[in-house]
Amino acid sequence: MSLTLAQFNTLSQEEAIARLLTCCTSSNWAHQLACARPFIDQNALLMKSDDIWHKLQTNEDDLLEAFDGHPQIGNVASLKEKYRNTQSSAAHEQSGANNAEDDVLEALAQGNQDYLDKFGFIFIVFATGKSAQQMLDLLLARLPNDRTTELTNAAAEQNKITRLRLNKLFGTA
């Protein structure tokens with residue numbers, strides 16, 4: 001359920017944090033952003049969110065806490081459901097992915113597991129509008145990276161996801 005920025009500004013600290021945790025599961029990020037209220041407009045909120053997230057990137061625990069808020073896609077059955085069941089997801093998030101081939105889904109499931117095994121956290125990518133093949137291509141391109149590079153990449157993708165979720169929270173996405 002979306003709310004106005006004015007409503008968000010007047011929520012209790014606990015309620016504001018709870019709403020923010022639906023956008024990003026880093027408790028430090030949510031607490032700091034809730035403490036930065038009131039915001040004069042949504043752009044100010046997004047800029048403050050970016051600033052907080054950028055500062056938190058120096059703490060791996062904050063990143064991993066945020067990444068843990070995403071479901072792991074680890075088997076072909078769950079990938080088929082994700083990419084083929086558009087009734088449970090917004091159409092724009094599934095565009096181009098509804099007819100993913102089984103071999104692509106199997107490779108994506110294996111790539112996700114390889115990524116988790118190598119880096120110790122799941123593959124984080126801003127998936128909106130990407131097909132299963134595009135996701136696989138991105139995963140395979142990032143898999144050779146070292147852990148530090150992947151923490152940076154995943155953090156950047158997490159921020160894109162968080163911004164989209166914040167916009168959805170306020171009914172502007």
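Tutor: The structure, a predicted model, holds six aromatic pairs. Rings of Phe, Tyr and Trp (its six-membered ring) pair if their centres lie within 6.5 Å; planes under 30 degrees apart count as stacked, over 60 as edge-to-face and the rest as tilted. The rings of Tyr-115 and Phe-119 have centres 4.6 Å apart and planes at 55°, so this pair is tilted. Both residues lie in helix H8, four residues apart, about one turn of the helix. Helices (H or I, at least four residues) and strands (E, at least two) are DSSP runs, numbered from the N terminus. Tyr-115 counts as buried at 0% relative accessibility, and Phe-119 counts as buried at 2%. Tyr-115 also forms an edge-to-face pair with Phe-123, 5.3 Å centre to centre and with 75° between the planes. Phe-123 is buried, as is Tyr-115. Here buried means under 20% relative accessible area, exposed over 50%, and partly exposed in between (1.4 Å probe, protein chains only). Ring pairs link Phe-67, Tyr-115, Phe-119, Phe-121 and Phe-123 into a cluster.

Two conventions apply to these values. Residues are numbered from 1 along each chain as its sequence is written, and side-chain values use heavy atoms, with hydrogens and water left out. As the model is predicted, local features need pLDDT of at least 70 and side-chain atom pairs count only at pLDDT 80 or more, whereas totals for chains, interfaces and linings use all residues.

H8 (residues 102-119) has 18 residues and reaches 25 Å from its first C-alpha to its last, close to the 26 Å expected at 1.5 Å a residue; the expected span is 1.5 Å times one less than the number of residues. The buried residues of H8 are Val-104, Leu-105, Leu-108, Ala-109, Gly-111, Asn-112, Tyr-115 and Phe-119. The arc is that of the directions from the helix axis to the C-beta atoms. On the face of H8 turned away from its buried side are the exposed residues Asp-103 and Asp-117. Gly-120 follows H8 and has a positive phi, near 85°. Most residues other than glycine have a negative phi.

Arg-142 is found in helix H9 (residues 132-142) and is buried, with a relative accessible area of 9%. Its side chain makes a polar contact of 3.4 Å with that of Tyr-115 and another, of 2.7 Å, with that of Glu-150. A polar contact is a pair of N or O atoms within 3.5 Å; within protein, one must be able to donate a hydrogen and the other to accept it, and residues adjacent in sequence count only if both atoms are side-chain atoms. Leaving aside neighbours within four places in sequence, the residues in contact with Arg-142 include Tyr-115, Phe-119 and Phe-123 from the ring cluster, where contact means heavy atoms within 4.5 Å. Ile-124, Val-125, Asn-153, Ala-154 and Glu-157 are also among the contacts of Arg-142. In H9, Ala-132, Met-135, Leu-136, Leu-139 and Arg-142 are buried. They cover an arc of only 135° around the axis, which puts them on the same side of H9.

Arg-147 lies in helix H10 (residues 147-169) and is partly exposed, with a relative accessible area of 29%. A polar atom of its side chain lies 2.7 Å from the backbone oxygen of Phe-119. The side chains of Arg-147 and Glu-60 are joined by a polar contact of 2.7 Å. Beyond its neighbours within four places in sequence, Arg-147 is in contact with Glu-60, Leu-64, Phe-119 and Phe-121. Arg-147 and Phe-121 are 26 residues apart in sequence and 9.8 Å apart in space, C-alpha to C-alpha.

As for the setting, the protein chain has ten helices and zero strands. Of its 173 residues, 40% count as buried. Among contacts with a separation of 6 or more, 68% join residues 24 or more positions apart.
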